[in-house]
Amino acid sequence: MTTDTEQDVRVRAAARNNAEWCEALCRAHGLTGARDAHAWTSARRTPPLYPDAVTLGPGAGSRGIVERIDASPGASVKDSFAALDLTGEGFAVLFDAQWIHRPAPEPGAGEWERVRTEEELARWERAWSDGDSDGLFPPALLAEDAHAFLAARDAAGRIVAGAVASTSASVVGVSNLFAADGDLDAAWAGCLGTLARHRPGLDVVGYESDDDLAAAVRAGFTPVGGLRVWLRH
């Protein structure tokens, strides 16, 4: 049985891992964030789809977080413990999701490759976004040893599935998981099999919602706590 304390530790580890990935992506875009016990924040607007703040503990205060970011329309806050009320600051809930956790996986069939070059990264981004994104993931990220872009290829060499794996002190976080054919079960199997070989012994975390959450549960994950993303309109 998982105790409340164990669950809190898992949520904190997942939130910190996610904040480290957001921080790395912002750093690759030339943005310097700030981190303390309560939150990671960026005083300048972050790239699309990435939050201006990620809370790291349930005690973060709404006003204190908003004062540390560019809170103009379009600002977003990842409320890692679904503990804030930002309506008074002009924000509305964008979506709710669940942090997920699973024990370190065992090696499985198949193995994905790590993206190594700028050209491969551009192809990965196009596959991930179905051609709608360009330049969100700068090549500087390839030098970040803790953050790896993983790719599965078909017989013709096309990228057909992938994910970002971010390693922190005690866990490896998976984000941006995708499958061109929509088969998330196969994508999770390939991703976890790769992590078992290249990040052995580390529990795996992330966050998902709806059908993506159901696929993660089938892959052995357990939902361990709710998070909420707020957006200022």
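Start by selecting helix 3: its buried residues are covered by, among others, strand 7, strand 8 (159-167) and strand 9 (171-179). This is a predicted model, where local features need pLDDT of at least 70, side-chain atom pairs count only at pLDDT 80 or more, and totals for chains, interfaces and linings use all residues. Residues are numbered from 1 along each chain as its sequence is written, and side-chain values use heavy atoms, with hydrogens and water left out.

A few words to keep handy. Helices (H or I, at least four residues) and strands (E, at least two) are DSSP runs, numbered from the N terminus. Buried means under 20% relative accessible area, exposed over 50%, and partly exposed in between (1.4 Å probe, protein chains only).

**Stop 1: helix 3**

Color Glu120, Leu121, Trp124, Glu125 and Ser129, which are buried in helix 3. Look down the helix axis: these buried residues fall within an arc of 155°, so they line one face of the helix. The arc is that of the directions from the helix axis to the C-beta atoms.

**Stop 2: Ser133**

Move on to the loop between helix 3 (118-129) and strand 7 (147-153), where Ser133 is found. Is Ser133 buried or exposed? Ser133 is buried, at a relative accessible area of 15%. Show its neighbors next: not counting residues up to four places away in sequence, Ser133 touches Glu125, Arg126 and Trp128, a contact being heavy atoms within 4.5 Å.

**Stop 3: helix 5**

Now select helix 5 (residues 210-218), whose buried residues are Leu213, Ala215 and Ala216. Down the axis of helix 5, they fall within an arc of 160°, so they line one face of the helix. Just after helix 5, Gly220 takes a positive phi of about 105°.

**Stop 4: the largest nonpolar core**

Which residues have the most contacts inside the largest nonpolar core? Pick out Trp112, Val174, Leu177, Trp188, Cys191, Leu195 and Phe221, in a core of 25 residues. Such a core is a set of buried Ala, Val, Leu, Ile, Met, Phe, Trp, Tyr and Cys residues joined through side-chain atoms within 4.5 Å. Helix 4 gives this core its largest share, 6 residues. Finish by zooming in on Leu177, which touches residues including Trp112, Trp188 and Cys191.
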